[in-house]
Amino acid sequence: MEEFLEHFKERTRSEQRWLCEVFEGVRQQLYPLISSSVGLSVEQLTLSVLSKVQRAAGSEVASLPVSYRFVSLSELTRQQHTPCCSSLTWSSAQYREQARRALPNYRALARDNILLMGYLYDGPAAGASDGGWWVRDAGGAVSCRLVKSSPLWLGRLMLFPTWNYIPQNAPAGGGYLELIDPPVCVTPEAMTFDPGGSLTEAMSVKRAAELLKQRCDAQVCVSGQVSVISPLLLISGRRFFCLILSEGDSAAPVLITEGKHQYWRQCVCVGQYICISAMRVCSLRGWAGHHVLSVTAQSRLHPHVQTQESSEDPEKHLMDTDSHAPDTHMTSHTASCSTTSVRKKHSTLISYKGLITKVLHAEAGLYEIDGKVGLCLAYQPLQERGGGLRPGAEIQLHNVHFLYRPSPFAPDVVLCACLCSSAQVTAFSPLSSKVEVCGSHSPLQRHLLEKNLGVSQYLWLCYCQRVITERLCPRWVREERVCVVAGRLLDCVCDAEQKTDRKRDIYREMLQEPHQCPVTTYCVSWPCVVLWSVRHLCDWMSSEVWSSLSLSSLVSPAAAHMTCAELNACLSWSVHSVRLTAAHSQPLMLVGVLELSSTHATLQIKDQTQTLDCVCVQTDQSGATTNSNISTAWLGKPMTSLLCCLVCVQRCTLVMERLMKTNFPSWKHLDQPNYITHKHCRLYLQFCVSDLIIISPSAAMSISLMEKKRDQTDGREADQKRDRRDEGDDDPLRSACVSLVFRLNSKQGVMFRNTSVSADAHTLQMGFTATVSCLGDVQLWNNDPKNRRIQTSETDGRETTVRHLHYTVSLLYSGFYSASVCVLQMDLHFGDVCVRWFPLLHPGSVYRLIAHNTEDVSVLKAESISARGGVKLLSNPALLMKHQWRLHTLTHMEQLLDTQSDVGAVMSVSKVLHSSSTSEIVSFYGVISQRITLQEEMGTKPSIQSVTATKGMCGVFRQQCGGGGSEDPLDRSGL
């Protein structure tokens, strides 16, 4: 140290202190890695470093740059958590000028005065080449990106005058360097020349192309211009890339598979003249009938001293995106779709140079250039650590596919890169921006490779993935499952004939002419299905319900003779319904989770934006619309949202009810809206259960689907396998439970009931009562049976004696067992949050009632309920449903009990009127033609009935003598 400071006796104390820090940094971080062949001491190496630093800073004689602190790579990655930049050559004015050119919504990188040096290698450690460039010192290594690089820099100690550091919050930590200015070599090491062949013997590309047509065992040296360069690929643990040397009409493909030559990928660019020595001719197993030049361990890359850019200006190939004709390059055929014809077009290979203005989706490889052009890099391996593709970076593209309107969810012009395309950053971004860390293959890219998606399908998949993440993740869909759900939605909108079965051939894609790849042809603006959120749909319905209002159409032609009360009664309620397909010019799709409402006793579809009520119906063989026997399996565990069914709705009816209070004096004033004193609307969906597409089934739904498959095979063998699996499962979270199997005979409507909350307090709560027939006694289980196939012990009636026998039915179990089953009729009372079960309970269906975390079979025993004075309220034994209990539909039992069911069929109104049946319960369907307003104002009597005719609205009613109620959810409006 003292000998070193002797050279700087005239320096100030602060400068000498700075020199000591530099000396220590060189001794600890740089000197241990220097080659012994250089023959430099620590003092000599430090003097050489200072000389390069002063020259780079422009202060060879002036004061030393003491404001710059020497920092090792380990300190940089450990302490620097925000993006920064540093430059020995910039003045303060230059930095401020650069900061003023920042893009909107971005700010310039913070400047820090750091002295950074290190050795350039092709891997993070010795013998660990990964095809990238790394800066190393004795403390660690950092990945780096360079605008231009030379193979002569490898293994040399370099000073980096100007650079950006971009930290990343990855599990492995660290970040990467963007080397803006060319690095300065600190030690002029003697170069060893080992070309692997004399450069004077380099042959032309034309001669090499002729040599490839015949077998040649000699090593050759070829010189030419790079016209195509592929990205670095990693397949089956082996890295390689390809390039094509061109000369006129001749081309010679070159394959680089040697691990120690992978860093060449960063040294070569399209348009550059290079010479590669010691290559041999070989054939590719995946490209039969063709030969390529392959590098050997002795091969060397020799860039020409004066690199020449491509003779063609990349910018001249940019087409005018505003005037580009939509039918350019259109094929002569069209592919038919289920709704519209799909036009296909051929893409065009172009070159382009522009500025990245936005990262649309880094994981999907989507970017925006110049604010109007899309860039898709999904058909190439993802750039590690972002690859410098940040907003504000200049990028040059070669051999990319020009696509015009491939998707309505992407810019009109999209440039798509394939394996013969190259994307090179020509100027790093001076802006501070977040960098998303992705693996070697993102879930979206894996799905693209596995399904061989076209670019139009892939763009819609990315749109779908973003929508699901915003609306359903993480509450219902885990982050790692988002792409799987998006892929299932893509299957819903794409027909089988519109999917390609052709697998990618990487060698043909990179090397063969004419060029063929998955992006050669594409669909124009397809798929075009729009995914609306529940909130968006509700907002549209709220607007549509009043914009479509025509007061004159709500009254009959006899309105001129109506009194004021009659006229306003006609306007008090109306309904407007439209198909989902009519709500938008493009096909619509609604994706959400089916749940039960614990406050309104309705079925709901919801996402993270809003909730919307639903009416689920089904169509019988006669075409009549009836209430749908939707299974409890659609909802899983209603109190656990994660287990609900994720569904997709493409066909449904949007129902909008209008409720108004008006004070029109006569029909002549209907054009004056100021007579409307109050208005509000009620919105819900009506869809058929057969139109629901299950995207992600609940646990109970999965069991239900397996039961259907089991019916097609040997059921007993499948049950035995399942029982063995359950017995061997030692899941500590499983607990005992008790169950009861019953068939629903009837149910009353939901209404407010006087409920006792304490000995002296009563309150009104919503509730209903269902009459059921027990098919057996209460059973004890070691684990939850859910909706699995019913067991013999649940219906044999041999273990206990059941009182209150009303009738006996004959039950066939799995086609093999026949027994006489004792049936107990009782009433189930549903109150408070248990009213959520109302839409799922249907007369004639069989259910399993389960009480968890108990071994007491008496909890499901029905008892007589006593009132004040010991008066019996009900003739049947009763059981109060608890909120923690669960109900499961046993769909495989419905067909077995259908012939024994005492529930009548749903009839039309005319059949009911002309029926001679004396049954107490009648089920019918019809069109709502009149509505009685039960209560318009608080404290007033029901007014006269409305004569409004509502066409197309169907309801299902079950009238029970002695106090039955409506089963349809529309009953809540006073139908």
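**View 1. Strand E2 and its two neighbours in the sheet.** In strand E10 (residues 162-167), Asn164 is the bridge partner of Cys85, and E10 and E2 run antiparallel, joined by four bridges. On the other strand that pairs with E2, E4 (residues 110-111), Cys85 stands opposite Arg111; E2 and E4 pair in the parallel sense over two bridges. Here two strands pair if DSSP finds at least two bridges between them, while strands (E, at least two residues) and helices (H or I, at least four residues) are DSSP runs numbered from the N terminus. Cys84 and Ser86 point one way from E2 (residues 84-87), Cys85 and Ser87 point the other way, and all are buried, where buried means under 20% relative accessible area, exposed over 50% and partly exposed in between (1.4 Å probe, protein chains only). This is a predicted model, in which local features need pLDDT of at least 70 and side-chain atom pairs count only at pLDDT 80 or more, although totals for chains, interfaces and linings use all residues. Residues are numbered from 1 along each chain as its sequence is written, and side-chain values use heavy atoms, with hydrogens and water left out.

View 2. Nine strands form an open sheet with mixed pairing, in the order E4-E2-E10-E11-E8-E7-E6-E9-E12. E4 and strand E12 (184-185) stand at the edges, each with a single partner strand, so one side of each is left without a neighbour in the sheet. Within the sheet, strand E8 (residues 140-146) pairs with strand E11 (residues 175-179) in the parallel sense over four bridges, and Arg145 stands opposite Glu178 in E11.

**View 3. Strand E6 and the helix packed on the sheet.** Helix H3 (residues 42-57) packs on the sheet and touches strand E6 (117-121), strand E9 (157-159) and E12, its direction making about 35° with that of E9; contact means heavy atoms within 4.5 Å, and angles run from 0 to 180 degrees between N-to-C directions, with axes being lines fitted to C-alpha atoms, for helices over the stretch in contact. E6 is mostly covered, as four of its five residues are buried. E6 pairs with E9 in the antiparallel sense over three bridges, with Tyr119 opposite Leu157 in E9, and three bridges also join E6 to strand E7 (residues 133-137), again running antiparallel, with Leu120 opposite Val135 in E7. Thr46 lies in helix H3 and, because its relative accessible area is 0%, counts as buried; leaving aside neighbours within four places in sequence, Thr46 is in contact with Phe4, Val22, Phe23 and Val26.

**View 4. The crossing of helices H8 and H9.** Helix H8 (residues 455-471) and helix H9 (residues 482-493) pack with their axes 9 Å apart, at an angle of about 130°. That angle makes H8 oblique to H9, since angles under 35 degrees count as roughly parallel, over 145 as roughly antiparallel, 65 to 115 as roughly perpendicular and the rest as oblique. Among the residues making the contact are Trp460, Leu461 and Cys464 of H8 and Val485, Leu489 and Leu490 of H9.

**View 5. Thr563 in a loop between helices.** Thr563 is placed in the loop between helix H11 (534-547) and helix H12 (564-571) and, because its relative accessible area is 44%, is partly exposed. Although Thr563 and Pro665 are 102 residues apart along the chain, their C-alpha atoms are separated by 8.3 Å.
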